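Hi,

Here is the structure I promised to hand over.

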Amino acid sequence: AKSCLHPANCLRKRERRRSECYLGVDLPAGYPSVLPALSVSSPSLSRSVCSQIRANLLESADSLLGREPMVMDLVMCLKENVAKQVEMQLPSISLTTKPETDLHTTWRTCLLRLDHMHARKRYVKTIMTWCQELGITGRLLFQGKLILIILEGRLCDIQQYLRKHRTESVDVDSAGRSCKERMLSVLVEFEESYPHSARFSSFQVEELSNFSSLLNLVSRADLPELFNQAILHLVKAKPP
């Protein structure tokens, strides 16, 4: 049997602290036809929470039994569970403190990042539907493993989009069960006076071959330098 330890880190954005969680995996001789022994520990999550996460992982492992090696699926499931627990522990805050009139007279453009898509066709269709319903334009961009979303529209519509993306089921977990997005990151956002001339005439999906194509798209759309800086940071942070 082989043992390995996989850490999962989740940044508590409002508290600027990391929640660390460790998954211990003991691989028996018959793996992957035999369930691995799992252990979950964390210096920042309670023992009962770790026990619940372990139970969820065992349930996922059981559904994957007999298929391809499942360790990476379990690591992804661990990240999803930790992110969910961190979000549950954070105090709820209002999405905005702006007066109601400002929500309809302010134009917002933002850059979002997704960690992954398990059910890509379903996920893309959901995003397209939301943007069409809310009158939001922009791009859903795929470049290798990088997934970015550029949104532009009225502040009230962008906030409604973000609310949907964080609270409605959009993907499936490693066990194939419907799940909500727990790893959506807002990289850049800025506001302008409304009405504003849209940089994109519609919301579309684009596959980009390299980072240069991504930077060229941002340049052609006349997006602020902040967008270039955020994308360049992703390039530098990308592992070799």
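Some ground rules before the details. This is a predicted model, so to speak of local features I needed pLDDT of at least 70, and side-chain atom pairs count only at pLDDT 80 or more, while totals for chains, interfaces and linings use all residues. Residues are numbered from 1 along each chain as its sequence is written, and side-chain values use heavy atoms, with hydrogens and water left out.

**The sheet**

Five strands make up an open sheet with mixed pairing, in the order β9-β4-β6-β5-β10. Strands here are DSSP runs of E with at least two residues, helices are runs of H or I with at least four, and both are numbered from the N terminus. Two strands count as paired if DSSP finds at least two bridges between them. At the edges stand β9 and β10, each with a single partner strand, so one side of each has no neighbour in the sheet. On average, neighbouring strands are turned by 10° against each other, direction ignored (axes are lines fitted to C-alpha atoms, for helices over the stretch in contact, and angles run from 0 to 180 degrees between N-to-C directions).

Strand β6 (residues 146–154) is mostly covered, with eight of its nine residues buried. By buried I mean under 20% relative accessible area; exposed is over 50%, and partly exposed is in between (1.4 Å probe, protein chains only). β6 pairs with β4 (residues 106–114) in the antiparallel sense over eight bridges. Within that pairing, Thr109 has Glu152 as its bridge partner, and Trp107 stands opposite Arg154. β6 also runs antiparallel to β5 (residues 137–143), joined to it by seven bridges, with Leu141 opposite Leu148. β5 and β6 form a hairpin with two residues between them, and Gly144 in the turn has a positive phi of about 60°.

**Arg108 and the other charged pairs**

Which residues does the side chain of Arg108 meet in polar contacts? One is Glu189, at 3.2 Å, and another is Glu191, at 2.3 Å, again side chain to side chain. A polar contact is a pair of N or O atoms within 3.5 Å; within protein, one must be able to donate a hydrogen and the other to accept it, and residues adjacent in sequence count only if both atoms are side-chain atoms.

Arg108 sits in strand β4 and is buried, at 13% relative accessible area. Leaving aside neighbours within four places in sequence, the residues in contact with Arg108 include Leu151, Leu155, Ile158 and Phe190 (contact means heavy atoms within 4.5 Å).

Arg108 and Glu189 also meet in a salt bridge, 3.2 Å from N to O. This pair links distant parts of the chain, with Arg108 in β4 and Glu189 in β9 (residues 185–193), 81 residues apart. Glu189 is partly exposed, at 42%. The rule for a salt bridge is a side-chain nitrogen of Lys or Arg within 4 Å of a carboxyl oxygen of Asp or Glu, and the count by this rule comes to nine.

Another of these joins Glu207 to Arg120, with the closest N and O atoms 2.0 Å apart. Glu207 lies in β10 (residues 203–207) and Arg120 in helix α4 (residues 120–134), 87 residues apart. Glu207 counts as exposed at 53%, whereas Arg120 is partly exposed at 37%.

Then there is a network of salt bridges that links Glu59, Asp173 and Arg177. In the Asp173–Arg177 pair, the closest N and O atoms are 3.0 Å apart; Asp173 is buried at 11%, and Arg177 is partly exposed at 32%.

**Helix α6**

Helix α6 (residues 211–220) lies across β5, β6 and β10, running at about 5° to β6. Which residues of α6 are buried? They are Phe211, Leu214, Leu217 and Val218. These cover an arc of only 115° around the axis, which puts them on the same side of α6 (the arc is that of the directions from the helix axis to the C-beta atoms). The face turned away from the buried side carries the exposed residues Ser219 and Arg220.

As for the ends, Asn210 caps the N-terminal end of α6, with a side-chain oxygen 3.2 Å from the backbone nitrogen of Ser212. After α6 comes Asp222, whose phi is positive, near 60°.

Cheers
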